[in-house]
Amino acid sequence: MDKTASFEDAADLGGRSSAGADAILVSPIGPIDSVLSEAVCREVQRIFGARVRQEPLLSSVEFALDLERRQYHSTRILEHLAKRVPPSTLKIIGIVSVDLFIPILTHVYGEAQLGGIAAVVSTFRLLEPLGPVKAKADLASRLGKEAAHELGHTFKLRHCPNPTCIMHYCRSLRDVDMKSLKLCPYCRVLLEDEKKRLAKQKLRQPQ
Ligand SMILES: [Zn+2]
Ligand SMILES: [Zn+2]
């Protein structure tokens, strides 16, 4: 195992609130295996019960490269995604393959705007210690969990003490592998409340 600490994310508090709209967009950025992006679509559809569409919006995240750290600043990626969302987007999750960080942590698996519209997740740290070929299915499962976790933050869900819940904060891949592909009953209620609130907000908005 590597000696560096592992951090799932630190949800960014500065996200703008989303207009209650239709589809969750899954947006691969750069070379992402379609098996992985399709696995994310499936999990997102299953967990959030929304319409899911796959659509690439950015061709690269080089704008987020930090030359000193040689990693990519995930908050900048969130800002770019949030600016480019097409109409009728409920939430957007970008999938990247580069190493993500936020300044206070060595790295993150992903990041999200808490109660906002954008989230991002990376395959980079989720590969350890699978090796180059072993089990694309394992990677797809981890990526599905992390994508759902980050999207959960955009629906205002915070970290959950239940270690099997998708919203549990994972410090290592062992933690990621331990959690299930489900929200605990408590987080499920919070998600449904937020979905209802967004639907009502949409009804009040002129189309
Ligand atoms: Zn989190
Ligand atoms: Zn929970």
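Strand S1, helix H1 (residues 34-48) and strand S2 form a right-handed β-α-β unit in this predicted model. Right-handed here means that, with the strands pointing away from the viewer, the path from the first strand over the helix to the second runs clockwise. Helices (H or I, at least four residues) and strands (E, at least two) are DSSP runs, numbered from the N terminus. Residues are numbered from 1 along each chain as its sequence is written, while chains are lettered from A and ligands numbered from 1 in the order in which they are written. Local features need pLDDT of at least 70, side-chain atom pairs count only at pLDDT 80 or more, and totals for chains, interfaces and linings use all residues.

The unit belongs to an open sheet of 5 strands, ordered S2-S1-S5-S8-S7, with mixed pairing. S2 and S7 are the edge strands, each pairing on one side only. From one strand to the next, the twist averages 15 degrees. H1 packs on this sheet and touches S1, S2 and S5; its direction makes about 160 degrees with that of S1. H2 also packs on the sheet, touching S1, S5, S7 and S8, and its direction makes about 130 degrees with that of S8. Contact requires C-beta atoms, placed from the backbone, within 7 Å. Axes are lines fitted to C-alpha atoms, for helices over the stretch in contact, and angles run from 0 to 180 degrees between N-to-C directions.

Strands count as paired if DSSP finds at least two bridges between them. S1 (residues 23-28) runs parallel to S2 (residues 52-54), joined by 3 bridges. S1 also pairs with S5 (residues 89-96) in the parallel sense, over 6 bridges. Leu-25 stands opposite Arg-53 in S2, and its bridge partner in S5 is Ile-92. Ile-92 in turn stands opposite Ala-118 in S8. S5 and S8 are parallel and share 5 bridges. S7 (residues 110-112) and S8 are antiparallel, with 3 bridges. Here Glu-111 stands opposite Val-120. The hairpin of S7 and S8 has 5 residues between the strands, and Gly-115 takes a positive phi near 70 degrees.

Burial was assigned from C-beta atoms placed from the backbone: a residue is buried if 20 or more others lie within 10 Å of its own, exposed if 12 or fewer, and partly exposed in between. S1 is mostly covered, with 5 of its 6 residues buried. In S8 (residues 118-122), 5 of the 5 residues are buried, so this strand is largely enclosed by the rest of the structure. Ala-118, Val-120 and Ser-122 point one way from S8, and Ala-119 and Val-121 the other way.

The largest nonpolar core holds 49 residues, of which Val-44, Ile-93 and Leu-151 touch the most other members. Such a core is a set of buried Ala, Val, Leu, Ile, Met, Phe, Trp, Tyr and Cys residues joined through C-beta atoms within 7 Å. S1, H1, H2, S5, S6, S8, helix H3 (136-154) and helix H5 (185-204) each supply at least two residues. H1 gives the most, with 6 residues. Leu-151 touches Ile-24, Val-44, Phe-48, Lys-91, Ile-93, Ala-112 and Ala-119, not counting residues up to four places away in sequence.

An open sheet of 3 strands has the order S3-S4-S6, with mixed pairing. Its edge strands are S3 (65-66) and S6 (100-101). H2 (residues 74-84) packs on this sheet, touching S4 and S6, and its direction makes about 50 degrees with that of S4.

How values were computed. Contact = placed C-beta atoms within 7 Å.
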